[in-house]
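Dear colleague,

I am handing over the structure below, and I would be glad if you could read the notes that follow with it open beside you.

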Amino acid sequence: MLSSPLRLARCISSLAYWCAHLLVLERAHERVGGASMVVSFPRRSFAYLTVRDRMPTILTRVIDTIHRNKNKFFEEYGEEGIQAEKQTISLLSKMRNELLTDKPLLELTDSLQDTESWNQYLQRQQKQQGDQDSVSWFKSPWLYVECYMYRRVQEALWLNPPISDYDVFNEGKTQSFFESQQAMMTLCTYVEGLNKNMEGLSKNQLLEHFNKLLQVSLWGNKCDLSISAGQDNSQKTSPIDSLDSLQPFILVNDSNRVWSALISPQRPGQSKETALVRVDIVLDNSGFELFTDLVLADFLVSSRLAHEIHFHGKSFPWFVSDVTANDFQWTIRQTTAANHKWMSKSGVQWMSHLKDGAWSYHDHPFWTQPHEFCDMEADAPDLYATLQGADLVLFKGDLNYRKLTGDREWDHTASFHTALRGFGPAPLCSLRTLKANVQVGLQPGQGERLGSQDPEWMTSGKYAVVQFDNAKSEQKD
Ligand SMILES: O=P(O)(O)OC[C@H]1O[C@](O)(CO)[C@@H](O)[C@@H]1O
Ligand SMILES: [Mn+2]
């Protein structure tokens, strides 16, 4: 039974949520001007421009990549490979046209594990928006439409078996890894120095290094390829040296609370001394960002701040640069094979974490669905239960932030806890650079000030947040 203050808090949070939701629709009505037209993002908004400009560009690149690899498909699968290439391109071009002409979203026709759930989501959306045709590319929630596009790309491939497993974003991801190599070497040299002295570090020194590596992983999120529609966005400067100058751009920094969650884990039946701490990292992008996540995870294990790390990735290529199982393994193999002493040493170390079970990689269809995370407990109870086994869950990146907060136009001063709407399988922290119009947990006036100084503060990736929440401790308060 919920206590009445808690019930009241839930009601208030729920009300705030729906107000935030309605705001988006109302504004859209005003701007579009047609009473019958329900769109979820106003014209000229960042969301609108993403659907109008960035998404078709991404699709064009996908089509081009498949076409450029025609010979490879022929070599591997003969004439069948060529037919598959043609068929896939034809499906993708058709989809691109549907997008550009604002046609209704269509049900998926493949029969994979998640197909039914996607189609149910579409039906739910159609019910909410009134009729079938109203759920179109420009008249649906932005988060949904973006996710849907990546799932349709996958459908086009899955309907053409010989090339079903081809990762259309692989070239960009590997390129971004190689372009960030210098920064990776610098980072591994730092790690080598750290590991040499690890045993002699005081608690404060450990905290200092933890903060540094947490921030390196935070800023690693600048390097995604979806925001740049697939163009180079790799790390060129020294990640450690840049930290001081980046400090003022961290708008909310709850890293002390993250540290506390690590050093005093709160799972029932565990004392501080015997606690086996598990940290889950919900990964975002491949390339430099993944590298920084692995460095952080290695530090957590080597320092014994954590005993186990569970990485969560995507089960198919997603938002251009997101990590799949293949990217994860490839990155570790490449690091091991690097022509740099400390970098390859890191790779060997990471391999051994995987072998001895300190690290493990997991994926789940929920991560490649459009649901906001407050739906997880009902829609993916198994995943929710898995996350409950963690002492801390780190959510990397912007898309995870949008899903954590329901991608609503929240008041900037609404608390992170409120925006989570009850989602809290374990203490959690979002490490995110701002690339979409949602931001909560700011001080009164802070959002307005930022808006007047820099109109693109929420979408440029220049600012970042480290935002922590522990649903359990909030309930106790
Ligand atoms: O890789 P990240 O940090 O999740 O960012 C991906 C981002 O790409 C965009 O969707 C733009 O297409 C962002 O708004 C989005 O959240
Ligand atoms: Mn991403």
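The notes below take up the metal site, then the aromatic pairs, then the cavities.

This is a predicted model, in which local features need pLDDT of at least 70 and side-chain atom pairs count only at pLDDT 80 or more, while totals for chains, interfaces and linings use all residues. Residues are numbered from 1 along each chain as its sequence is written, chains are lettered from A and ligands numbered from 1 in the order in which they are written, and side-chain values use heavy atoms, with hydrogens and water left out.

The manganese ion (ligand 2) is coordinated at 2.1 to 2.3 Å by Asp284 (OD), Asn285 (OD1) and Asp322 (OD), and along the chain these donors follow the spacing D-N-x36-D. Donors here are N, O and S atoms within 2.8 Å of the metal (3.2 Å for Na, K and Ca), and water is not among the atoms, so the site may look incomplete. Helices (H or I, at least four residues) and strands (E, at least two) are DSSP runs, numbered from the N terminus.

A search of the whole structure finds 31 aromatic pairs (rings of Phe, Tyr and Trp, the last by its six-membered ring, with centres within 6.5 Å; planes under 30 degrees apart count as stacked, over 60 as edge-to-face and the rest as tilted). One of them joins Phe291 and Trp350, which is edge-to-face because the ring centres lie 5.1 Å apart and the planes are at 65 degrees. Phe291 belongs to helix H12 and Trp350 to helix H14 (residues 341-355), 59 residues apart, and both residues are buried. Trp367 and Phe395 also form an edge-to-face pair, at 6.4 Å centre to centre and 65 degrees between the planes; both Trp367 and Phe395 are buried.

Two cavities of 30 Å³ or more are counted, on a 1 Å grid over the protein atoms alone, a cavity being a set of points where a 1.4 Å probe fits but cannot get out, with lining residues having an atom within 4 Å of a point.

Definitions and conventions. On a 1 Å grid over the protein atoms alone, a cavity is a set of points where a 1.4 Å probe fits but cannot get out, and a pocket is an open set with protein on both sides within 12 Å along at least five of seven lines; lining residues have an atom within 4 Å of a point. Grid points are joined across faces, edges and corners, and a volume is the space filled by probe spheres set on the points. Buried means under 20% relative accessible area, exposed over 50%, partly exposed in between (1.4 Å probe, protein chains only).
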